[in-house]
Number of protein chains: 2
Amino acid sequence: MELPAGFRVSGFHCGLKQNPDVPDISLFVSDRPAVAAGVYTKNVVVAAPVILDRQRTPSGNMRAIIANSGNANACTGRRGMDDAEEMTSLTAAACGVDPGEVLVMSTGIIGEYLPMEKVSRGINEAAKSLDRHPNNYVDAARGLMTTDTVHKLGTRLVEIDKRTVRIVGLAKGAGMIGPKMATLLAVVVTDAPLAPNDAQEMIGDVCDTTFNCVSVDGHTSTNDSMLMLANGASGGELLVVAELDVFRENLRELCTELARDIAGDGEGASHRITVLVRGCASQSDARKIAGTIANSPLVKTAVAGADPNWGRMLSAAGYAGVEFAAESVNLYMNGTLLYKQGAPVAFSDEEVSRMMGQSFDIEIRLELSEGDAEARFWTSDLTAEYVRINADYHT
Amino acid sequence: MELPAGFRVSGFHCGLKQNPDVPDISLFVSDRPAVAAGVYTKNVVVAAPVILDRQRTPSGNMRAIIANSGNANACTGRRGMDDAEEMTSLTAAACGVDPGEVLVMSTGIIGEYLPMEKVSRGINEAAKSLDRHPNNYVDAARGLMTTDTVHKLGTRLVEIDKRTVRIVGLAKGAGMIGPKMATLLAVVVTDAPLAPNDAQEMIGDVCDTTFNCVSVDGHTSTNDSMLMLANGASGGELLVVAELDVFRENLRELCTELARDIAGDGEGASHRITVLVRGCASQSDARKIAGTIANSPLVKTAVAGADPNWGRMLSAAGYAGVEFAAESVNLYMNGTLLYKQGAPVAFSDEEVSRMMGQSFDIEIRLELSEGDAEARFWTSDLTAEYVRINADYHT
């Protein structure tokens with residue numbers, strides 16, 4: 001795995017999460033000023049780190065991101081803001097940069113104050129380990145996890161004309177995942193040379209078709225953030241026009257991969273569901289319909305039960321707030337046609353159900369006849385295990 | 001229980017549902033032409049009976065409603081329309097009225113054709129039993145049930161000046177209950193003398209604050225309908241102005257009761273949740289916030305687990321699409337203050353959790369500071385039993 005030049009990355013367990021084997025502090029440091037861009041939750045109730053990062057991005061002069069899991073530092077009032085700033089100061093001191101050059105992310109339980117003694121120790125230890133293990137992306141990805149069962153990490157090596165740039169993406173998901181802007185924590189670091197505005201525009205665009213198209217429970221969090229650091233350490237002039245497009249599509253691929261990973265690791269998931277809606281008048285219409293199907297508990301429980309209950313899928317499409325000709329709809333499940341031109345199709349319930357039971361990935365494809373636009377949405381099924389995770393634990 | 005004059009009502013089991021002890025056909029007949037009004041699902045995908053009833057209401061000249069459960073006659077194309085019309089013809093023949101004077105409702109599985117032989121026998125037997133047991137409202141209410149565990153039935157005796165009119169309301173709920181217009185089946189019969197337009201306006205208004213404020217899973221069905229028959233058999237002139245208002249508020253009370261019953265009998269429910277949102281700029285804002293909290297799986301699982309997890313409630317309010325000052329929010333759970341002016345309050349987690357475990361009814365009260373408008377929303381909690389019902393059975 002070829003990594004972006006000029007970054008050091010680490011993770012450390014300081015006791016915010018109970019399991020001592022999983023880091024709860026993640027640290028990303030650039031050895032030179034980096035361009036930073038951010039996309040944030042659309043929730044009216046936002047966590048302290050989001051308030052702070054919004055003020056600092058986009059920027060051409062950022063050096064580090066400090067993140068913690070196990071505590072969201074959300075709904076914590078003035079003291080929460082002080083704690084978020086303190087995290088940037090501690091990071092700055094430990095890494096020899098300016099406090100204003102640090103971004104901060106938190107995820108975990110809402111409404112509890114951060115135990116700053118632990119956090120302080122965590123930041124110092126994470127900084128110390130940067131020199132021993134400068135490329136500990138795995139621990140950094142694990143340091144973002146809450147109810148995630150696996151870490152999410154991906155890389156891209158991008159050839160642009162005769163230049164090579166490298167991207168690493170890290171994300172966390174699992175619960176409180178709803179589709180309203182960067183619904184989760186994601187960090188992208190790259191050594192590509194990007195202008196701040198290009199970086200900002202690009203992650204907004206990529207986010208729209210990737211992280212904003214994934215949902216576990218439709219609940220938009222107070223902490224959702226996607227941050228990118230681009231330090232230009234690959235050398236050369238700023239990427240422009242066609243070069244930017246190549247970079248953008250590689251970033252989109254990488255983020256699609258991470259978004260799919262999040263859906264597949266949705267709390268309690270026994271299936272990953274891809275909803276593909278085609279034939280819409282606009283991409284926004286297609287996304288509304290796909291998102292509504294993906295968020296229906298009745299659709300999600302049907303998939304959990306390996307039940308090809310297309311009536312639930314079709315009726316969910318019908319309340320998405322988009323007009324369409326119901327009599328010309330086709331619906332496919334993993335390629336099998338279940339509903340054709342507004343009427344049921346004879347199919348073997350048993351056969352389709354067996355196929356659904358055996359396949360982790362379920363694709364629901366809905367074809368309308370309103371136009372050529374399409375959209376994809378990823379989600380997980382709804383199982384009794386989801387209820388147990390969220391009813392039995394205070395997360 | 002004093003019943004509306006001039007109606008005969010019955011229920012019969014014809015085999016659409018498996019349990020032979022529960023009726024699946026309900027019949028309501030007025031002995032004279034009745035005013036009829038209807039409110040219907042906003043889903044783009046609508047069942048055949050909804051298409052038919054929409055064309056026939058409001059009306060001053062309706063005689064009967066025939067309803068079945070166990071099969072929704074939805075997404076059944078041309079054949080479904082023929083079957084719905086056939087139901088009105090069979091009812092007309094059995095009751096000695098005109099086919100155009102009959103409304104029809106269906107609820108149950110989507111996408112299967114009605115077994116018309118059974119339905120035909122059911123309609124005839126239900127009509128025959130009208131003479132022996134003309135007031136069988138309980139069987140008619142049970143005849144609407146699908147996954148409901150109890151039938152929903154209420155009555156009102158309304159004194160208007162020196163006149164007395166009577167109302168009976170019946171409803172079914174339990175699953176595929178989402179807040180976009182009459183999200184369920186409800187039938188209201190009254191002997192009050194009402195003009196068609198008054199009746200239509202009134203049930204639209206009442207529905208907005210009652211049946212449209214209840215949600216089990218946020219999934220708006222293809223068959224949602226509320227129908228009212230008002231046959232004027234109480235005698236006297238049409239109700240006007242202040243008299244109408246008295247009738248309207250009694251109807252609202254009755255429908256509130258039925259809406260609460262539906263939430264309390266939500267699939268798998270172990271708690272009924274009332275979300276009360278106060279201090280909004282408009283009732284529509286209040287309803288949006290209340291509905292968003294009520295539809296969050298994270299809120300619903302927290303209540304199932306008796307967990308006073310106010311962070312989930314507050315963050316749900318934040319993504320309702322309504323702007324508000326997050327720093328002046330108060331949040332109460334069954335009267336206990338958990339969050340005050342944008343910061344956590346010290347409270348005994350154990351005590352509140354014990355109280356939540358013991359009480360079937362949970363009230364979440366959110367106070368904002370944007371204005372004086374308020375709204376209430378009712379829902380059920382989300383339990384592993386909900387998942388079992390919807391994953392293990394093809395409904």
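This is a predicted model: local features need pLDDT of at least 70, side-chain atom pairs count only at pLDDT 80 or more; totals for chains, interfaces and linings use all residues.
In general, two copies of a chain are related by a rotation about an axis and a shift along it.

Next comes the contact between the chains. Chain A brings 50 residues to it, and chain B brings 50 residues. Four elements of chain A each supply at least two residues of the side that touches chain B: helix 8 (297-304), helix 9 (310-318), strand 13 and helix 11 (384-392). Helix 9 of chain A gives the most to that side, with seven residues. Sorted by class, the side of chain A that touches chain B holds 24 nonpolar, 19 polar and seven charged residues. Of the interface residues of chain A, 98% are also interface residues in chain B, so the copies meet through the same surface.

Helix 11 can be followed on the other chain. In helix 11 (residues 384-392) of chain B, the buried residues are A384(B), Y386(B), V387(B), N390(B) and A391(B). They cover an arc of only 150 degrees around the axis, which puts them on the same side of helix 11 of chain B. An α-helix has 3.6 residues a turn, so residues three or four places apart point the same way. What covers the buried residues of helix 11 of chain B? The cover includes helix 8 and helix 11 of chain A.

Helix 9 of chain B gives another picture. Nine of the nine residues of helix 9 (residues 310-318) of chain B are buried. Among them are W310(B), R312(B), M313(B) and L314(B). The buried residues of helix 9 of chain B pack against helix 7, helix 8, strand 11, strand 12 (336-340) and strand 14 of chain B.

In chain A, seven strands form an open sheet in the order 8-15-10-14-11-12-13, and the pairing is mixed. Strand 8 (214-215) and strand 13 (343-344) of chain A stand at the edges. Each has a single partner strand, so one side of each is left without a neighbour in the sheet. Strand 13 of chain A was named above, as one of the elements supplying the side that touches chain B.

How do the strands pair in detail? In general, strands of a sheet pair through backbone hydrogen bonds, either parallel or antiparallel.

Strand 11 (residues 330-333) and strand 14 (residues 361-367) of chain B pair in the antiparallel sense over four bridges. Y332(B) has R365(B) as its bridge partner in strand 14 of chain B.

One more strand deserves a look, back in chain A. Six of the six residues of strand 7 (residues 185-190) of chain A are buried, so this strand is largely enclosed by the rest of the structure. Which residues lie on each face? L185(A), V187(A) and V189(A) are on one side, and A186(A), V188(A) and T190(A) are on the other. Both faces are covered.

Strand 7 of chain A also has partners. Strand 6 (residues 163-172) of chain A runs antiparallel to strand 7, and six bridges join the two. G169(A) stands opposite V188(A) in strand 7 of chain A. Strand 9 (residues 225-230) of chain A pairs with strand 7 in the parallel sense, over six bridges. In strand 9 of chain A, M226(A) is the bridge partner of A186(A).

Conventions
Residues are numbered from 1 along each chain as its sequence is written. Chains are lettered from A and ligands numbered from 1 in the order in which they are written. Two residues are in contact if their C-beta atoms, placed from the backbone, lie within 7 Å. Two strands pair if DSSP finds at least two bridges between them. Ala, Val, Leu, Ile, Met, Phe, Trp, Tyr, Cys and Pro count as nonpolar, Asp, Glu, Lys and Arg as charged, and the others, Gly among them, as polar. A residue is buried if 20 or more other C-beta atoms lie within 10 Å of its own, exposed if 12 or fewer, and partly exposed in between; C-beta atoms are placed from the backbone. The arc is that of the directions from the helix axis to the C-beta atoms.
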